[in-house]
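Please read this briefing alongside the sequence and the three-dimensional model shown below.

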Amino acid sequence: MNLKDKRILITGAAGGIGRLVCLLLANKGADLLLADRPGEALEALLTEINGSGGKARVLHTNLLEQDAGESLAQAAQEAGGVDVLINLAGILSFRLFQNENAENIQRMWQVNVIAPMQLTRALLPAMLARGSGRVVNIGSIFGSIAFVGFATYSANKFAVRGLSEALRRELDGTGVDVTYIAPRYTKTPINAGAAARMSEALKMNMDDPDLVATNIVRAIEKDAKDYYIGFPECLFVRLNAILPRVVDCAMRKQNAQIREYARNE
Ligand SMILES: NC(=O)c1ccc[n+]([C@@H]2O[C@H](COP(=O)([O-])OP(=O)(O)OC[C@H]3O[C@@H](n4cnc5c(N)ncnc54)[C@H](OP(=O)(O)O)[C@@H]3O)[C@@H](O)[C@H]2O)c1
């Protein structure tokens with residue numbers, strides 16, 4: 001896909017990965033709708049893009065609100081419509097599942113799964129009527145390999161991957177397609193606290209957000225179907241799908257350590 005003049009709606013626009021994706025897309029001539037909660041980071045991003053010759057507008061949204069997906073879709077249609085939707089906003093929790101609280105489980109499903117589903121559903125009719133469009137869902141390696149301490153987040157990202165696969169098959173032949181992108185651990189604010197300490201202690205592979213943003217834009221330009229970022233994680237995803245008990249054994253030793261970090265959250 002040539003990104004020039006494409007109208008792109010992106011949630012989580014001002015976040016660690018989102019901001020860099022937006023800057024890259026703006027450089028390629030995309031016409032951006034920056035969706036995020038109101039804040040200085042969002043305003044600064046808007047100023048930076050428009051100040052350097054790019055095209056961007058802001059759409060405020062709080063994806064925790066029950067009808068956020070529908071409202072954001074309506075605002076985007078009123079702002080001129082959407083060629084590409086990037087569902088990128090996300091929240092994470094790292095703790096033993098027995099210590100997870102019920103309210104947080106709901107919050108995570110709302111932001112990570114329900115709001116993007118609502119938003120996608122609401123934008124699809126216009127894309128289908130035009131016979132073109134792309135939905136880009138940002139998943140995670142944890143959406144293929146579920147991880148100790150990340151039960152809710154893993155379940156959310158498995159759902160995002162399931163949605164992407166089902167939708168891609170459902171939309172086959174319509175001109176509208178789905179790209180699912182799965183980053184591995186990336187150094188951004190989502191990983192603050194114990195998740196960051198655990199990842200450092202276990203010497204997990206970590207990516208800089210600019211590398212991840214570059215890969216996200218590349219995946220969109222290539223009209224990729226599924227795009228996994230990072231080796232050997234992309235290989236483990238395949239191994240886990242075919243031989244999950246082998247991966248159970250490989251992870252057993254580090255799981256005890258991860259449980260210790262997750263226990264204190
Ligand atoms: N970083 C990683 O290790 C990693 C790995 C794999 C996948 N991912 C995925 O990559 C995506 C981006 O994550 P990131 O690393 O860039 O995290 P981040 O820096 O924390 O950014 C998350 C973005 O989502 C927004 N957001 C959170 N709650 C929201 C809400 N209720 N309404 C509207 N926007 C909300 C945040 O806005 P506020 O600033 O207002 O909270 C922020 O802009 C997520 O889907 C994440 O799951 C990240």
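**Ligand site and selected residues**

A polar side-chain atom of Arg37 lies 2.6 Å from an oxygen atom of the ligand, which falls under the definition of a polar contact (a pair of N or O atoms within 3.5 Å; within protein, one must be able to donate a hydrogen and the other to accept it, and residues adjacent in sequence count only if both atoms are side-chain atoms). This is a predicted model, in which local features need pLDDT of at least 70 and side-chain atom pairs count only at pLDDT 80 or more, while totals for chains, interfaces and linings use all residues. Residues are numbered from 1 along each chain as its sequence is written, and side-chain values use heavy atoms, with hydrogens and water left out.

**Ligand surroundings**

- The side chain of Asn62 places an N or O atom 2.9 Å from a nitrogen atom of the ligand, and the side chain of Asn191 has an N or O atom 2.8 Å from an oxygen atom of the ligand.
- On its own the ligand has 880 Å² of accessible area, of which the protein covers 88% (areas come from the Shrake-Rupley method with a 1.4 Å probe; for residues, only the protein chains shown count as cover).
- There are 29 residues around the ligand, and those that come nearest are Gly16, Asp36, Arg37, Tyr153 and Thr188 (a residue is near if one of its heavy atoms lies within 4 Å).

**Arg184**

- Arg184 sits in the loop between β6 (176-182) and α6 (194-201), where helices (H or I, at least four residues) and strands (E, at least two) are DSSP runs numbered from the N terminus.
- Arg184 counts as buried because its relative accessibility is 17% (buried means under 20% relative accessible area, exposed over 50%, partly exposed in between, with a 1.4 Å probe and protein chains only).
- The side chains of Arg184 and Asp207 are joined by a polar contact of 2.9 Å, and a polar atom of the Arg184 side chain also lies 3.1 Å from the backbone oxygen of Phe231.
- Leaving aside residues up to four places away in sequence, Arg184 touches Ile141, Asn205, Asp207, Ile229, Gly230, Phe231 and Glu233 (contact means heavy atoms within 4.5 Å).

**Cysteines**

- A search of the whole structure finds zero disulfides (pairs of cysteine sulfur atoms within 2.5 Å).
- Cys22 counts as buried, at 0% relative accessibility, whereas Cys249 is partly exposed, with a relative accessible area of 48%.

**Pro125**

- Pro125 lies in helix α4 (residues 102-130) and is partly exposed, with a relative accessible area of 49%.
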